[in-house]
Amino acid sequence: MREILRRLITGVVYVFLLLSAIFLSTDAFDFLFMAFGLACLHEYKRIVKLKGYYVYMAYLVLWWAYIYIIKDKVLINILMLLTITINFALLVFLFSKKETLFNTLQKFLFGLFYIGGGCIFLTMIPYKDDEFAQFLIMGIFILIWVNDSFAYLVGRSIGRTKLYPAVSPKKTIEGTLGGLVFALVAAYIMAPYETNLSLQEWLILAVVIVVTGSLGDLIESKFKRSAGVKDSGAILPGHGGMLDRLDSLVYAAPFAYLTLNIFSYVS
C-alpha cells in the first residue's frame, strides 16, 4: 500500500510539473525538457559506463542551436535523419541475440542522438508557424500515458502471451494490444479538442507513438538488462529514474515529429 501511495504521489507531481510547464510559458517548457534530457543522459551514462562530460556539452550545444538558432528545415531534417538512423541501429541491438559490446564513440553517439535528439524533437513538436500548440503536445503525453497505463492493466488482468521475455519478462502481447486500443480511444476523444489534426491524423499519430514508444521501452529494458540493473535511477520514488519515465517519449519523438511534418506536407 505504501509503495502504491509513493507511486501515486510521484506520478501526480510529475504530471503537475509537465502541465505547468506546458501552460505556464514556452521558456518553462523548453527548459524543463532540456533538464529532463540532462537527467536522462546522466542515467544513460551510468548504465553504459560512458566516462567524461563530453556528451553533456554536445547535447547542450545541439539543444541550444536547434531550439533557439537553427530554423532551416534542411538542417532540422538532417538532425531528424541522424536521430532516426541511430534509433534503427538500436533496434538491431534490441533484437540481436548476441552480447553486444559498444565502444566509447558508439556510446557517445547513442546518447547524443537517441536521448539528446529525442528530447530536442520532443521540445520542437509543439512549435509550428511561430505558435505553441499546447494541446497537441499535451495530447501526445496523454497517448503515451494511456498506452503505458492500459498496457499494464490489461497485461496484468488477461495477459498470457509474453511479448519479448528475453528483455522484458512481464510485458505481454495482450497488454501491448490493450494499450494500443485504449490509446486509439483516447485519440478519438481528443480529436475534437485539438483541431490542428483531423481524426484520421490523430489515429495515425497514436499508432506511430504507441508502436515506437513500446520499442523505446524495450530498448531501455535491454540496456538495463545488459548492465544488470533494475532501474535507470532513483530520482522518482516508486518509478525509478527519469529515463524509466521518458524512454517511450524520447524514442517516439523523432518519429512523431516526422509524422506531423508529413501531415503538414500532404495537407
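Lys-49 sits in the loop between helix H2 (26–48) and helix H3 (54–69). Helices here are DSSP runs of H or I with at least four residues, strands are runs of E with at least two, and both are numbered from the N terminus. Phi of Lys-49 is near 60 degrees, a positive value in a residue other than glycine. Most residues other than glycine have a negative phi. Lys-49 is also exposed, with a relative accessible area of 61%. Exposed means over 50% relative accessible area, buried means under 20%, and partly exposed lies in between (1.4 Å probe, protein chains only).

The model is predicted: local features need pLDDT of at least 70, side-chain atom pairs count only at pLDDT 80 or more, and totals for chains, interfaces and linings use all residues. Residues are numbered from 1 along each chain as its sequence is written, and side-chain values use heavy atoms, with hydrogens and water left out.

Next come the charged pairs. The structure holds three salt bridges. Each is a side-chain nitrogen of Lys or Arg within 4 Å of a carboxyl oxygen of Asp or Glu. Asp-217 pairs with Lys-171, and their closest N and O atoms are 2.7 Å apart. Asp-217 lies in helix H8 (residues 199–227) and Lys-171 in strand E4 (residues 168–172), so this pair ties together parts that are 46 residues apart in sequence. Asp-217 counts as buried, at 16% relative accessibility. Lys-171 counts as partly exposed, at 26%.

Helix H8 also holds Glu-220 and Lys-224, four residues apart and separated by about one helical turn. They form a salt bridge, with the closest N and O atoms 3.6 Å apart. Lys-224 meets Asp-244 in a salt bridge too, at 2.9 Å from N to O. Asp-244 lies in helix H9 (residues 242–266) and Lys-224 in helix H8, so this link joins parts that are 20 residues apart in sequence. Glu-220 and Lys-224 are both buried, and Asp-244 is buried as well. Together, Glu-220, Lys-224 and Asp-244 are linked in a network of salt bridges.

Now the nonpolar core. Such a core is a set of buried Ala, Val, Leu, Ile, Met, Phe, Trp, Tyr and Cys residues joined through side-chain atoms within 4.5 Å. The largest one has 84 residues, of which Tyr-114, Ile-125, Leu-143, Trp-202, Leu-205 and Phe-223 touch the most other members. H9 supplies the largest share of this core, twelve residues.

What does Leu-205 touch, not counting residues up to four places away in sequence? Its contacts (heavy atoms within 4.5 Å) are Ile-140, Leu-197, Ala-256, Thr-259, Leu-260 and Phe-263.
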